[in-house]
Amino acid sequence: MDKQFGWWFFTCERQILVIPHGEHIPYGDLDDLPVPSLDTSKAERFAHYKGEACIRLELAEPLDLGMGEWMDLRSSMALLSPSVFDLVGKAQQFALFLKTHRFCGCCGESLQRVDWELAMQCEHCGFRAYPRISPSIIVLISDGKRLLLANHRRHQQKDWPIYTAIAGFVEAGETLEQTVHREVREETGVKIKNLRYWKSQPWAFPHSLMAAYFAEYDSGELNIDRRELCDVQWFEPDKLPNLPPHGTIAREMIEHWLHQTCSSQH
Ligand SMILES: [Zn+2]
């Protein structure tokens, strides 16, 4: 198999090599790129983009490859188009899977790479492992006029607190809808109704799949879970706080709601 031509996703831990022009991902024949001789025996095709292969090559350290710069995954979101960012996320999740599935969870023997799908197989006991994907929900709650937004502990910068939608991981045995109701009740104390699924987004931090919902406030007083949140408040559309960055599904939901609400008032 010719592994040498395509889009080159050079990764190192949680970093990606980006170049300053075009799609920001090196493209072409490896021999024509200004990279020093690299061991490409671990190079791997993992997707296609614009009709050409996407090739992932994980390096042991962020070497100077004679072009571009190393950037952490979150920072690259501001630079890359959403479709290229999704590919970077996919490359990262594949790398994480291979790194964390070297031995069998049942018998402890070494796992072997399956060559026709992304999986690791134990030849000793037959166990097969697939990449871990953690479903999670995010829900934007409104009372028709205002949005309920939370400042999470992980977004707690004192001088620049970010407010966003309520989110949480699906627990074993739960439906997505049950998770939405539980997370909202646990984190804010309120009840919601008229749950409406919108869309989903893979989120490589480290391996989530976010299912996004809109919901309406039903009843109850705000009662914040202080272990998870610093603050929850209702916000009028013209008095919004600092919002999560562009590229996040939370930001997209808030803008979608604003667009719908403001256009329905005209
Ligand atoms: Zn085994």
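Predicted model: local features only at pLDDT ≥ 70, side-chain atom pairs only at ≥ 80, totals over all residues.

Colleague: What is the geometry of the zinc site?

Modeller: Start with the ligands: the SG atoms of C104, C107, C122 and C125 lie 2.3 Å from the zinc ion. Four donors count as tetrahedral if all angles lie between 85 and 135 degrees. Here the angles among the 4 donor atoms run from 101 to 119°, so by that cut-off the site is tetrahedral.

Colleague: And what spacing do the zinc donors follow along the chain?

Modeller: The donors are C104, C107, C122 and C125. Reading along the chain, their spacing is C-x2-C-x14-C-x2-C.

Colleague: Is C104 buried or exposed?

Modeller: The cut-off for buried is under 20% relative accessible area. C107 sits at 32%, so that cysteine counts as partly exposed. C104 comes in at 6% relative accessibility, so C104 is buried.

Colleague: Moving on, which helix gives the largest share of the lining of the second largest pocket?

Modeller: That pocket has a volume of about 550 Å³, and 16 residues line it, with R56, E58, A95, L98 and K99 nearest its centre. Strand 5 (52-58) and helix 2 (82-100) each supply at least two lining residues. The largest share is 5 residues, and it comes from helix 2.

Colleague: How many residues of that lining are charged?

Modeller: The lining of the second largest pocket holds 16 residues. They split into 5 nonpolar and 2 polar, and the charged ones number 9.

Colleague: How far apart in helix 3 are R182 and E186?

Modeller: Their side chains meet in a salt bridge at 3.3 Å, N to O. R182 is buried at 10% relative accessible area, whereas E186 is partly exposed at 42%. In helix 3 (residues 176-188) they are 4 residues apart, which means about one helical turn.

Colleague: How far apart in sequence are the parts that E252 and K199 tie together?

Modeller: The side chains of E252 and K199 form a salt bridge at 2.5 Å, N to O. E252 is in helix 4 (residues 249-264) and K199 in strand 13 (residues 191-203), so the parts this pair ties together are apart in sequence by 53 residues.

Notes:
Residues numbered from 1 in each chain as written. Heavy atoms only, no water. Donors = N, O, S within 2.8 Å, 3.2 Å for Na, K, Ca; no water. Tetrahedral: all angles 85-135°; square planar, octahedral: opposite > 155°, others 65-115°. Buried < 20%, exposed > 50% of the residue type's maximum accessible area, 1.4 Å probe, protein only. 1 Å grid on protein atoms, 1.4 Å probe; cavity = no way out; pocket = protein on both sides within 12 Å on 5 of 7 lines; lining within 4 Å. Points joined across faces, edges and corners; volume = space filled by probe spheres on them. Nonpolar A, V, L, I, M, F, W, Y, C, P; charged D, E, K, R; others polar. Salt bridge = Lys/Arg side-chain N within 4 Å of Asp/Glu carboxyl O.
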